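Good morning, and thank you for coming.

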Amino acid sequence: MTRLKMMAVACWALLALVAAGPAGAQDKPSLIVGAVYVGSVNDYGYNRSMKDGLDEMKRNIPGLKLIEAENVPETAEVQRVMEGMIQQGAKLIFATSFGYQQFAFNLAKTHPDVYFEHAGGWMQAPNFGNFFGATQSAWYAMGVAAGKMTKSNTLGFVVGVPIGYALGNVNAFELGARSVNPKAQTHVVVTGGWSDKAKEAAAANALIDQGADVVTMHVDSPATIIQVAESRKVYSIGFQSIEARQLAPKYWITGLGFTWGPFMTDTAKSVIAGTFKPAMVREGLGQMMAIAPFGPAVPADVRQLVTASADKIEKGFNPFTGPITDNTGVVRIPAGESWGGDKMGNFDWYVEGVVGKAK
Amino acid sequence: MNAGLLVGVVAGSIMSGTSLLYATLGEVVGERAGIVNLGLEGIMLIGAASAFAATALTGSAYLGVVAAAFAGAAANLIFAYVVVGRHANQLAAGLSLMFFGIGMSTLIGRPFVGTLITGLPRLALPGLAPGGIGARLLGYDVLVYLALPTALFTWWLIFRTRWGLGLRTVGENAAAAYAAGLRPQRLQYQALVFAGALGGIGGAHLSVALTLTWAEGMTAGRGFIAIALVIFAKWNPLWAIAGALLFGGAEGLQLQLQAIGADVSPFVMNMTPYLLTLLVLIVWGWSRQSVAPAALGRNFVGVE
């Protein structure tokens, strides 16, 4: 009996210690922010860009505490992970992968005092907004760079999954390339997955075998494809995180990266001030998107041309202004019309000059 | 027919067939001992992650390959204990091993995501311009060059040695093998450790030779394709060479055709290697009964 009692007392003492420890140990943070990632934050790709944005937010706001979870699948698991973050006091949660939307939205309904920002979705509630980069128009500038750098007039584009947004990126890329080089053609290879590395390597090799001397991609992490291009002495253009340039010291042209920091900082500030407003935020170059530094092989006149086209896009130039014909000769956007932000997911065709089949 | 296509398909089938060949050879040895290992995908993942981690830590991709072989063997040893030592159901244990492999590889690989490594060097013939067609056709890493000798060695091991005879006897009828003075369970342990090492090397080729990246789940089903190739190969290491090249070639061809701009849906294109696998299994399937190890999938629980 006495032994049991002693054990019970020991347990209570332990519990008391555990409960008192963290609370007494540090000051109350100004805001606790939760972040869930679908992959690893060191991928030189999408997740890295999110991590960089959140770190910038953390630096900008004193006393902000960041709770992170990597490699969280797009299943009910993410709802449990976010629920755990709310238990730890998170008042703002960034759900950074497309497939998290419904799960984050469920939690937004049951936790009206917690604010959610979802990357890439469309749902909205008083405490639920979403954001993403307007990637398509920015890809036009990448096309300008590729069109000027190619000698074979053959550009290679590896696409993971041919969703409308990805096809829009390809189309803007080709439109940009043609604007400076009417002979430039973009050859597309689809791997069928966002992260099938061996197939990405084989796809990049196939494009290079077919004469492509500039290779770019829309997959989760550009690391494999950029390294293949570098090993075969072929130019590459990156996408997702501008840090990818470290993978190609010689043949890097430039790249597109997301810059989420300012938006994330403003959102956290609005939660602290109690002025959070849900919105569907889509911002392009100059805001949520940035152009990576140029590689050593890019001459000054090309740099100027790319920078100028980026300026043009920042000032509102829309590459998808008619007349635009698809690669089977059908007019898809008539003269006088243009496709804006909400139509970017609707592409199921390629513009003239893209070699490949969309569906 | 353009030259790029031909070169690309040949080089592509060799490059993507290599990891499949190692994994298939491993599975052949295990199944010859009567054990189906559905966890091969997990073994390959552990191999890929261990190779990448060891390469990142030591700077040597060769050490990475060695680490992958040991890690694959160790993981398969666990499987061997479960099915041979504890007589657990092979299919259930294999699937568990796969999920264990997915988790374990994530754990091993996580600190190294995004690390830059120098992969296995391409050993090209002197005088070939780097990056050119010649180097693409005749410049491979050491694992590619060792793949054929490994297949020949495995064939010799199974069909020309006393150990191989014992192995095959165990796979046909473990009780008879026991009665003849063999120790079935010891042979099965040995076979599975060898199989695990080969599966690990197969995974290593993906991470430290082909892609120079570690990403979770990067085998993308190749472990299961290898299991199908064992049936295609009729449990013979020499036929496994043809199987791996055929599958690798189909994948290379569909990517090349996409790059050329063939007028076929990319969704159909990406299905073709799997359709081909199905087709081959249908055509070859009729003679399966006569060549499959008779005791495949059945546990030897000893003799009363």
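A residue is called buried if 20 or more other C-beta atoms lie within 10 Å of its own, exposed if 12 or fewer do, and partly exposed in between. Please also keep in mind that what you see is a predicted model.

Let me apply that term at once, to two residues of chain B. Both Leu212(B) and Ala220(B) are placed in the loop between helices H9 and H10 of chain B. Helix H9 covers 184–210 and helix H10 covers 222–232. Is Ala220(B) buried, exposed or partly exposed? Ala220(B) has 19 C-beta neighbours inside 10 Å, and therefore counts as partly exposed. Leu212(B) has 25 such neighbours inside 10 Å, so it counts as buried.

The backbone of these residues also deserves a remark. Most residues other than glycine have a negative phi. Leu212(B), however, has a positive phi, near 55°, and the phi of Ala220(B) is likewise positive, near 50°.

I turn now to chain A, and to its division into domains. Domain 1 comprises 29–133, while domain 2 is made up of 135–257 + 287–355. Taken over C-alpha atoms, the centres of the two domains of chain A are separated by 29 Å. Where they meet, eight residues of domain 1 are in contact with 13 residues of domain 2. Helix H2 of chain A, residues 46–60, gives the largest share of the domain 1 side, namely three residues. By class, that side holds two nonpolar, four polar and two charged residues.

Next, the sheets of chain A. One is an open sheet of six strands with parallel pairing, in the order S2-S1-S3-S4-S5-S11. Its edge strands are S2 (64–69) and S11 (280–283), each of which pairs on one side only. From one strand to the next, the twist averages 20°. Within this sheet, strand S1 (residues 31–36) and strand S3 (residues 92–95) of chain A run parallel and are joined by four bridges. Opposite Val33(A) stands Leu92(A), in S3(A). Across S1, S2 and S3 of chain A lies helix H3, residues 76–87, which runs at about 165° to S1(A).

Another open sheet of chain A has seven strands and mixed pairing, in the order S12-S10-S9-S8-S6-S7-S15. Here the edge strands are S12 (289–291) and S15 (354–355). Strand S10 of chain A, residues 252–258, pairs with S12(A) in the antiparallel sense over three bridges. Phe258(A) has Met289(A), in S12(A), as its bridge partner.

There is one peptide bond in chain A to point out. Most peptide bonds are trans. The bond that joins Gly322(A) and Pro323(A) is cis, with omega about 0°. Pro323(A) belongs to the loop between helix H10 (300–314) and strand S13 (324–325) of chain A.

Finally, the contact between the chains. How many residues does each chain bring to the contact? Chain A brings 36 residues and chain B brings 33 residues. On the side of chain A, strand S7 (185–190), helix H7 (197–209) and helix H8 (223–231) each supply at least two residues. Of these, H7(A) gives the largest share, 10 residues. The side of chain A that touches chain B divides into 13 nonpolar, 14 polar and nine charged residues.

Thank you for your attention.

Methods: Residues numbered from 1 in each chain as written. Chains lettered and ligands numbered in written order. Predicted model: local features only at pLDDT ≥ 70, side-chain atom pairs only at ≥ 80, totals over all residues. Pairing = 2+ DSSP bridges. Contact = placed C-beta atoms within 7 Å. Nonpolar A, V, L, I, M, F, W, Y, C, P; charged D, E, K, R; others polar. Axes fitted to C-alpha atoms, helices over the stretch in contact; angles between N-to-C directions. Domains from an automatic or database assignment.
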